[in-house]
Amino acid sequence: MNFSDDHFALFELPHAFRLDLGALDLRYREIQAKVHPDKFAHAGDAERRLSLQWATRVNEAYQTLKKPLPRAKYLLHLAGQDVGAENNTAMPMDFLIEQMEWREAVAEARAAGNHHELEHLHHRLKHDISERFEELAALFDAPQDHVQATDRVRRLMFLDKLLFEIDDAIAAIDE
Amino acid sequence: MALLQIAEPGESAAPHQHKLAVGIDLGTTNSLVATVRSSLSVVLTDELGRPLLPSVVRYTAGGAPEVGFAAQEQQSVDPRNTIVSVKRFMGRGIEDIAHRESLPYEFETSPGMVRLHTAAGVKSPVEVSADILRTLRLRAEAALGGQLVGAVITVPAYFDDAQRQATKDAAKLAGLSVLRLLNEPTAAAVAYGLDNAAEGVYAVYDLGGGTFDISILNLSKGVFEVLSTGGDSALGGDDFDQRIFCWIIEAAKLKPLSIEDSRLLLTRAREAKEYLTFHGVAPVTARLNSGEVVDLKLTTEIFTEISQTLVAKTIQPVKKALRDAGLSVSEVKGVVMVGGATRMPQVQRAVGEFFKQDPLNNLDPDKVVALGAAMQANLLAGNRAAGDDWLLLDVIPLSLGLEMMGGLVEKVIPRNSTIPAARAQEFTTFRDGQTALAVHIVQGEREIVTDCRSLARFELRGIPPMVAGAARIRVTFQVDADGLLAVSAREESTGVEASVTVKPSYGLSDDEIAGMLKDSMAHTRDDAQRRALKEAQVEAQRLIEAVQSALKTDGELLSPVQLTKVETAIANLQATAIGENRRHITLAMDDLEAETKEFAAQRMNKSIHNAFAGKRIEELEEVAGSAKGKEGCA
């Protein structure tokens, strides 16, 4: 295991979308217990600097693999697929229309201060997202279809942002 | 089986040699210092046995500052020169100070961090805090009988970069070596978690004198993982005093007050608040300088009513922190109450109602932060054996971002990211031949720059002239384990390192700190020269021990030639450290650091390998084989 290893190799986990999250947590903590700056608070400058670099690296790897969307993006990146930022021009029209309807519903509920409706939208979207992740997971199983997976990831990026906006609206009403 | 041995780079060479380290809770109202003695965390008291040091400093012309009770007694006599709640000014500009019109201080109007005019000259909040910290350092050194290796200083979790940096600067000014800035709720979680062997999700509700924090943590098998944090760095017990103060003025129909009378009534307000913790009615009586007499009764009902919005203001960040952690109230196993202000019954009730459970009050809310900080200081100083330690994973409280075109903010590191964290961002030039680029760093959650907190501005210079858009300038933001930001930059296509001079918006420059350091030495009884030499000697000893310990466990990683070089550097440092020349000691330390740089990298790699080898300790035979195999892959 080296500093420049990819995130999966760092944790000695297979390059897979369906990841053993328990093993990931365990290994993250095991490595962090070795490299964290708190273990080097009384060490020399060189060791302290290395520890900072390693702990940062391990945190980044863990954050990338822990959640399914960054994990999928990272797997596609390793496979040479460019996911890019979410970009309307690349998306099919029916998907974009669906997105517009969602956004209108959120904006309406937000303007009306309808907490209940926003919670409802949140749950509906969460459910939709988890189904899409199931579909995405299948695309990463053999035989892998990276082109299809890239398309699904792009859609999920839109939905992720939408979920964030709903949460933001709920927070705004709370305050 | 040598492969199974887990090397501990952090382990000290001589575990029996206890290093003197303390935890300091630098509070808005009171400060404390604690240490671990015979494996128990204890608060160190003053010569009269008092654990708390009021965070009050009084400046007199020509004399040494008075700190603590003596200063507190003078606050209504000499309010202008008696600084209370200085923590609220740390890393803050004048425009940030709430109720500044009712404060008795004379503020300087310069931009940047606020400064106060006192009888002893203009003081920065950093210097005032340093006077408090110095008092605690001297207390600790007297009690422990030696020089401290270092201190863990606690800060509110919701403190931003400027406030953290100001705290670290204050410690430096007070002659303390900072082992770590530790978030107050995390310190409390350590104390609570270790004392109660707690496992699961806990919330720490920390309402102090001037700051409010909420942290959600997962406690599991020696790992304290902060899932999210939130708060308000300008909300605390002081604000409840202020509400009572305003109520007194209204109820007693008082004319505009002198600053002395204001101070007196604020003190009475605080006393009434404390009295109401155990009684239903608090008498409020005062004879003012103006001749007016105040004689009122404050009931719990009235107090609850006038402070209702303050209590509600603490629940919002709680909701947000839970949402950020992706948890619901029912998933929280316990709520640990921290900070003197949580003694107020209406706060207890509101927290209990929100979390649908009785809050945990089994630790002294005034001391728990200092006790936890002391435990962490003991750990960081290397006084605990490997396997008998724990791991803290903390987060940054507020997103770090950059100003983009049109005054919008681009988030670089989102809030609640586990630290240390880093993110690189690429910039380009927008004009042909452009050689400099201005970068503005902000902290906060809003999308508009002016709604966020300005941390620093810096300019990247020395970009090679190219056509617009051709330069690729990679700026790296690194947040360390203290939650402090550092910035570096380089132009990717040419490899030119751009120079970065960060000008903190509300901080002090290195020169200003150096100047203050000189001033403070002139006014303290410390012999500055001797102290600096002593510090260097302690540092040298620490480094020698660390390297010797490393050689003992991992010496085989070095070639005979390298080993000789390291040993020579150690011998040289040992010889120099006996001497009296501080500069020579520093140079010898630099030499030893240089000789061990590569060794440190090798040891780190080995240690990470062992993280996995150690885990499979039960699978004896296979482990030896697979670990060997892995050696080849690395």
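Visitor: Which hand does the crossing of α4(A) and α7(A) have?

Guide: The crossing of α4(A) and α7(A) is left-handed. Helix α4 of chain A and α7 (residues 146–174) of chain A pack with axes 10 Å apart and at an angle of about 145°. Axes are lines fitted to C-alpha atoms, for helices over the stretch in contact, and angles run from 0 to 180 degrees between N-to-C directions. Helices (H or I, at least four residues) and strands (E, at least two) are DSSP runs, numbered from the N terminus.

Visitor: Where do these numbers and letters come from?

Guide: This is a predicted model, where local features need pLDDT of at least 70, side-chain atom pairs count only at pLDDT 80 or more, and totals for chains, interfaces and linings use all residues. Residues are numbered from 1 along each chain as its sequence is written, chains are lettered from A and ligands numbered from 1 in the order in which they are written, and side-chain values use heavy atoms, without hydrogens and water.

Visitor: What makes α4(A) and α6(A) roughly parallel?

Guide: Helix α4 (residues 68–78) of chain A and helix α6 (residues 115–140) of chain A have axes that come within 12 Å and cross at roughly 25°. Therefore α4(A) is roughly parallel to α6(A), as angles under 35 degrees count as roughly parallel and those over 145 as roughly antiparallel, with 65 to 115 roughly perpendicular and the rest oblique. Here too α4(A) passes α6(A) in a left-handed crossing.

Visitor: Which residues in α4(A) and α6(A) meet?

Guide: On the α4(A) side, Pro68(A), Leu69(A), Ala72(A), Leu75(A) and Leu76(A) meet Phe133(A), Leu136(A) and Phe140(A) in α6(A), where contact means heavy atoms within 4.5 Å. By class, the contact of α4(A) with α6(A) has 8 nonpolar, no polar and no charged residues. Ala, Val, Leu, Ile, Met, Phe, Trp, Tyr, Cys and Pro count as nonpolar, Asp, Glu, Lys and Arg as charged, and the others, Gly among them, as polar.

Visitor: How do you know how α5(A) and α6(A) run relative to each other?

Guide: Helix α5 (residues 93–111) of chain A packs on α6(A) at an angle of about 155°, with the axes 9 Å apart. The two are therefore roughly antiparallel to each other, and their crossing is left-handed.

Visitor: How many cavities of 30 Å³ or more does the structure hold?

Guide: There are 5 cavities of 30 Å³ or more. On a 1 Å grid over the protein atoms alone, a cavity is a set of points where a 1.4 Å probe fits but cannot get out, and lining residues have an atom within 4 Å of a point.

Visitor: What makes the peptide bond from Ile419(B) to Pro420(B) cis?

Guide: Omega for the bond from Ile419(B) to Pro420(B) is near 0°. Pro420(B) sits in the loop between β21 (409–413) and β22 (421–427) of chain B.

Note on methods
A crossing is left-handed if the near helix is turned anticlockwise from the far one by less than a right angle, and right-handed if clockwise. On a 1 Å grid over the protein atoms alone, a cavity is a set of points where a 1.4 Å probe fits but cannot get out, and a pocket is an open set with protein on both sides within 12 Å along at least five of seven lines; lining residues have an atom within 4 Å of a point. Grid points are joined across faces, edges and corners, and a volume is the space filled by probe spheres set on the points.
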